[in-house]
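This report describes selected sheets, domains and contacts of a multi-chain model. Please consult the sequence and the structure while reading.

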Amino acid sequence: MHKKKKMIISQETMDIQFVRKVEALSGTSVRRCFQCGKCSAGCPMATFMEHPPNRVVRLLQLGQWRRIIEGRSIWYCASCETCSTRCPNKVHLASIMDALRKLSWDAEGPSKESYVQLANKLFLDNIRTYGRQYEMRLAAVFNVKSGQFLKDMMLGPKLLSKGKLKMFHQKNKNMVEIDKIFSRIEEMRRKGEAL
Amino acid sequence: MSRIGVFVCHCGENISRTVDVERVAAEVGTMPGVAFATDYKYMCSDPGQGLLKKAIQEQKLSHIVVAACSPRMHEKTFRKAAESAGLNPFLCEIANIREHCSWVHENREEATAKAVEIVGMMVERVKKNRVLPTITVPVTKRSLVIGGGIAGIQAALDIADAGHDVVLVEREPSIGGHMAQLSETFPTLDCSQCIMTPKMVDVVNHPKIKLYTYAEVEHVEGYIGNFQITIRKKARSVDEDKCTGCGLCMEKCPVRKIPNQFDCNLGLRPAIYVPFPQAVPNTPVIDREHCIKFKTGKCGLCQKICGPGAVDYEQEDTLIIEPVGAIVVATGFDLYSITEKPKGSSIKGYGEFGHGKIPDVIDGMTFERLASASGPTGGKILRPSDGQEPKQIVFIQCVGSRAREKGISYCSKICCMYTAKHTMLYKHKVHDGQAYVFFMDARVPGKSYDEFWRRAIEDEEAVYIRGMVSRLYQKGNKIVVMGSDISVGVQVEIEADMVVLATAVQPRTGADSLAQKLGISYDHYHFYSEAHAKLRPVECATAGIYLAGTCQGPKDIPDTVSQASAAAAKVMTLFAKDKLEREPIVAKVKEAGCVACFYCKKVCPYGAVEEKEIRDRQGNLIKVVAYVNPGVCGGCGTCQATCPSKSVELDGYTDEQIVAMIEAL
Amino acid sequence: MTHAIDTSIYSAVTDAIRGEAQRILSEGQVSAVVGYAAARRKGSAQPIVINQADDAAKLIFTPACVNNLAVYLTKAKKEIPKTGKIGIVVKGCDLKALVGLMGESQLKRENLYLIGIPCAGVLASTIQPDKELTHDSIASKCRECDVHLPTGCDFLPSQQPGTPELEKRYAAEIARLETMTPAERWKYWKEQFSKCIKCYACRQVCPFCFCEQCLCDRNKPQMVETTPRPAGNFAWHVVRAMHLAGRCAGCAECERVCPMDIPLNLLNRKMAKELKELFEHEAGLEVNEKGPLASFSEKDDQSFIK
Amino acid sequence: MHVEKQKHDFEPKIIAFVCTWCTYAGADLAGTSRMQYPANVRVLKFPCTGRIDPVFILKAFQQGADGVLVSGCHPGDCHYIAGNFHARRRFAAFRKLLEFVGVDLNRLQFSWVSAAEGGKWVEVVTELTERVRDMGPMQEFKELAMEEQWSGAINTPELQEAYNQI
Amino acid sequence: MSTLKYSYYPGCSLHASAGEYDLSTRELFKELDIALVEVPDWFCCGATPAHNVDELLSLSLCAKNLELAEQVEGDLAVACAACFSRLKFTQHTLGENETKRTQVEKALDAKVRLDGNVKHLLDILARDLGLDKLAGVVKTPLKGLKVACYYGCLLTRPPGVPNLDCVEAPTIMEDLLAAVGAETVSWTHRLECCGANFTLSRPGVVLQLTNAILESAKAAGADCIMVACPLCHGNLDIRQQEIEGVYKADYKLPVFYITQLVGMACGLTPERLGLEALIVDPKTLLKEKGLL
């Protein structure tokens, strides 16, 4: 059951610090939005979201980020950039969504929408380990980890026969360098030099 | 040697309570150049002024310093008094020892010392003051009005009715402007033609108005009271004096299928045409681009059938010079179009709405022509693509306006009202149809405006949806509108028969080049700038030029007419005197030192600086220098601060005067 | 150990400018050409104006061609006859001055025939004019030059100058001064300005000091004390720096001719740096209708205003 | 409003260059509202900040000012359309120059004070007066004015060489 | 003699599920005498998942790849729309945002280089090589083939970043196909998202979005679809049969890569173009049109 809480607005309940972080990460200002709703009108994923994109920005304007990350809207964004493209005010909503996902991950860990997160995380692990994506492995591990052993099972043999899933992969000579990039970013975050 | 008189005012006790005025007078009396110093209870009173006048005459004073309240209070009073005693008013200065001294300090010792210094500074300053004669400029009591839309027509009629000659210049073959294109007007829904046409006829019949249609302002010279306007009268190919307006030529013209711009290209017209039946003047013009005679040299039908022999293929552009004393600019607006714009343009089109390629996506003006009884469909709302009556019609507001990503961030002000009007007109004509409006806010302040908007919703049942539209696309013979309703928080999809876009009001293309000819300023959109947003809303910063209507910013008909009448009143105020008098605080160029770098010209906000050639008696050019037109100079002195060699000087605030004050410290 | 700078192209450049000068003079395209010619001392060079095609052979370009010839075209100095089109030999730095003068209505592009010079640099001092151009002997301005190849000239020899990356001394010195306290800077400049003997060589050589009557010479009122006392010197140099702000493109002639070795160009370069940071303006790159201090933007920085 | 009067060892001299339409009127308003502020400031009226030549600021310091205030209309409010915009650029550049030659910018204040801001005028003047009072007299220009002699050091090899030859 | 030279960033998909895109690209470019040299030891650009949850990582990975690309002479040619989008976005963002640039430089422990040109294959074919030149080498014009050009979301968006073509009304694919003699249909869904981001995690979403695209293409009378992105291809081609099942539809729309269609017109054999690898079999269609 989803009960709508009354919004108590005060300087204390409006977490502007969080909004500043979103703005820094996304490089865009939420205050520019005047709520025309054009983003929501064109969003291919809006029907899956409980907060349509314009409302995500509205909640940010009010500093009510918990309401956003408690829900699934940000995890249903397809990053298609339609919203950013058509916004009359140059609000780069797709980047705001990126920032919110990052901050949600940092603040809350896995959410109930963790399928997407899991896929993303596996994808990044893959890069760190192999340097490139290996779809076969990615799909297999995802299915195991998400408990959907049989998902897309029908596709596998067909793809293998067409040479579309490779069982083996080459080692990338830049692996050390890649790992360093990951480590340096982690290091910067530990020191508070980056969000 | 100067003989300065210093008069220290007590201002009742306002000054003397904290400032020892006697001591001030005594100390100042010993300063070099001071011949007379005294104090008095109320300097601004009649006896006080009498004291001043008497001292000027008896003591043969050459300069005056009155130490009293702020010059903003009584500088004029004392200067007038000095003048009546035979002294040039600009030899009188005020030392402010009230607002800047006695009222803001409590310590008598400190305040008195400060007062002495303030008066001392003014004594040093006044020594360097020069006699400044009042500047008078003659006034030519004729006015130019640029633009023959409702703004220009109103201003021209008002000025002409006051008895002054008016020259009205209109770019198109007929006056009338955008208002002549409208069907019915909000908030009363009276027919635009019915209220507009009589005014147009008044213009052409007015003995004081000289009308130039199909003409443009080519060049402007001069300044307030004394402009010389060069007007280019474009070749009409029809002699206005001979033409009787019978219309036979238009009937016989073999080229018939030229889209008529007046009807937003919905209707067709011949190559020799008047833009609309009620055109003023009712004289046709030949569209040389499409006329067979001009393209191939053959045809010539119109000339053959014209009884009075008015058709003249040889006609050329003519240049006419008109002297005027004031200019009203009323050039109106263009409507934004969603078509694709050239790369790098600051204004962008709407690809998401099809870049204007979907035939049944039209703009508000096109809808006006459809709804107009004299329009191409005779007042029936029909789709341009197939002539069907649209049963589902979608209106989208704020197209172009309030979209900084498209290059325009302002609100166009009129669209909320005209869209509400459109929904009503639609409902009146298509009883079984439904109108939908996508909007953000309804901006409907104004007398009877909100009521009008509510009527559209409550009585005419237009469905207003708060939210914008992301995309429009053709699907079969429908247009799919992908919108959202942010109040509900859902996406909305409507399969519409026709979509009407409330596109932005933009300045005219070429507004900037006209502004440069006139020497007036404009904002970055190219709307003309008024001198002060609140207190001088119809005047340009350039003296003698006034603004009316949408060339200054988006506005509706009532506001436009008010501003036009206000501009006319300003012109009449100017014409009420034979000569213009102005304070002689203006900049002057010292030609000997001027090296013509024209930094003064670059910074002058008034465009008062001109380039002047100095020639010897044989007419050989010796040098070029700057010249400040005293009629135009506003007296800010930015030129002097910028001039590297200080060869331009602002009277009343010369370097000598200022340095004298600094050195007095 | 000093590294030599390759100036081998200069002889080819000399040939090219001679050829071009000869051509435009004989074809009557220009009435005169301003350039450099050998002077009496070995290796030295001096400005020359030629108006005969035969004299084109006198023109040279060497590391000793230090002068900014733009100064000969400005009104106040009236060295060159006003009539007709004039050819002028320009290094990149000189061209910046010409561009500035065009923006200030002192020159018209159509009255000039610009003979550009691919320039690797010139000497800092011409006391020994035949000195080799090295990493040490090169003029400071050349160390931070960004216009070794002038653009927009009517003629430019095809040679490509070698331009080694050199330590930027002006930039370094400005940075050093900027880290000082106001008191330290005051002391530094007081010492420098106090040397000034008010010979006005800086003004005389400056292409932008084209005023017929200098503000600093005026006495009604006396805005700047004219005597070579420290107070007057200070005012003179500050006023001059302000007047050149946004205009000076750093040809550093003022500094070169200063008999007292006052680092005058530091002031000008500092102002250029500030104007670039504040208003994104660089002098001498294009013919600006309005300079940075004769125009404004509503969005200009006003953080310093309360 | 009563302010406890203190005796100070040093009373700075402050010169204010103001435009007539905004700041001068704002100062008038402070007067009509009987606000109190230190008596150190001397006001010079200009039509517009656009008229204020940087040389005047220099001149004021040379004439013994310990602090200088330049104040005019807020951006967009200029009576002469754009004079204050030009002034803003000019002073943005000039203060950088002064800073570079060693003038402490704490002695030079710029402000926008409108005709309605009597309170802000008082605040700006009081703050500047107190700040400059704490800094002490502007010795630099005064010392410079006292020096009569050519006082430069022979600090380059070329000068040394020339000097030796004399 | 080849005058056009590029460094080549295939991206992960082209080395796996979209092998035929890689193959046809190499073969076509060989045929057109355009040199492609693969960036040595390139690695994954991070694609959508990286910027989705960690923009800094995404920017760093792309910046590193841009640095690696500098080893090879010529502009950087990119085949995958997602990689192209990320690389362009990185150049744009780091050029504009100094804070982010500093952070990325720290992560890389090197200065970032933003001056290299990143070009999508479409750009290279349509502009560097030129439509006229391309038309000149056509051997078998694709007469009668009605193609729905599918741009997807990443090729043109957001405005001012990839600058490949008009964001809302691009024509580059249509222009290219016109040059090789094919017919293109005007359809409504050429810029809609296929949901590639959710291929793994939410196939249901993907099916819904992709179905709408297929439906629109079919309705517009297309014989086949052309793409320039392996992710779009994955959804439109690999999942087409599944979609037909779920939505009870019959599309049978072969989905070609741009390089395959252009290659065909240039006379390359099906083997060289990897047509075998397509899941929706194009043979029937191609035979019908006399192209096989």
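In chain C of this predicted model, 4 strands make up an open sheet, and their order is β2-β1-β3-β4. The pairing in this sheet is mixed. Strands β2 (45-50) and β4 (112-116) of chain C form its edges, each of them pairing on one side only. From one strand to the next, the twist averages 30°.

One pairing of this sheet may be followed in detail. Strand β1 (residues 32-38) of chain C is joined to β2(C) by 6 bridges, and the two strands run antiparallel. Within this pairing, G35(C) has I48(C) of β2(C) as its bridge partner. As a general principle, the strands of a sheet pair through backbone hydrogen bonds, in either a parallel or an antiparallel manner.

How many bridges join strand β18 of chain B to β29(B)? There are 3 bridges between β18 (residues 326-329) and β29(B), and these strands run parallel. Among the residues involved, V329(B) has L547(B) in β29(B) as its bridge partner.

| Open sheet of chain C | β2-β1-β3-β4 | mixed | 30° |

The next topic is the division of chains into domains. In chain C, the domain assignment gives domain 1 (9-143) and domain 2 (169-294). The C-alpha centres of these two domains of chain C are 24 Å apart. Their contact involves 21 residues of domain 1 of chain C and 22 residues of domain 2 of chain C. On the side of domain 1 of chain C that touches domain 2 of chain C, α2 (92-103) and α3 (140-143) of chain C each supply at least two residues. Which of the elements gives the most to this side of domain 1 of chain C? It is α2(C), with 9 residues. By class, the residues of this side of domain 1 of chain C comprise 10 nonpolar, 6 polar and 5 charged.

Chain E is likewise assigned domains, namely domain 1 (5-120) and domain 2 (136-288). Taken over C-alpha atoms, the centres of these domains of chain E are separated by 23 Å. Domain 1 of chain E brings 24 residues to the contact, and domain 2 of chain E brings 26 residues. The elements giving two or more residues to the side of domain 1 of chain E that touches domain 2 of chain E are α1 (19-31) and α4 (81-96) of chain E. The most comes from α1(E), which gives 9 residues to this side. This side of domain 1 of chain E has 11 nonpolar, 9 polar and 4 charged residues.

Finally, contact also occurs between chains. In chain B, 18 residues are in contact with 18 residues of chain A. On the side of chain B that touches chain A, β24 (469-475) and β25 (478-485) of chain B each supply at least two residues. The residues on this side of chain B divide by class into 6 nonpolar, 6 polar and 6 charged.

Note on methods. Residues are numbered from 1 along each chain as its sequence is written. Chains are lettered from A and ligands numbered from 1 in the order in which they are written. This is a predicted model: local features need pLDDT of at least 70, side-chain atom pairs count only at pLDDT 80 or more; totals for chains, interfaces and linings use all residues. Two residues are in contact if their C-beta atoms, placed from the backbone, lie within 7 Å. Ala, Val, Leu, Ile, Met, Phe, Trp, Tyr, Cys and Pro count as nonpolar, Asp, Glu, Lys and Arg as charged, and the others, Gly among them, as polar. Domain bounds come from an automatic or database domain assignment. Two strands pair if DSSP finds at least two bridges between them. Axes are lines fitted to C-alpha atoms, for helices over the stretch in contact, and angles run from 0 to 180 degrees between N-to-C directions.
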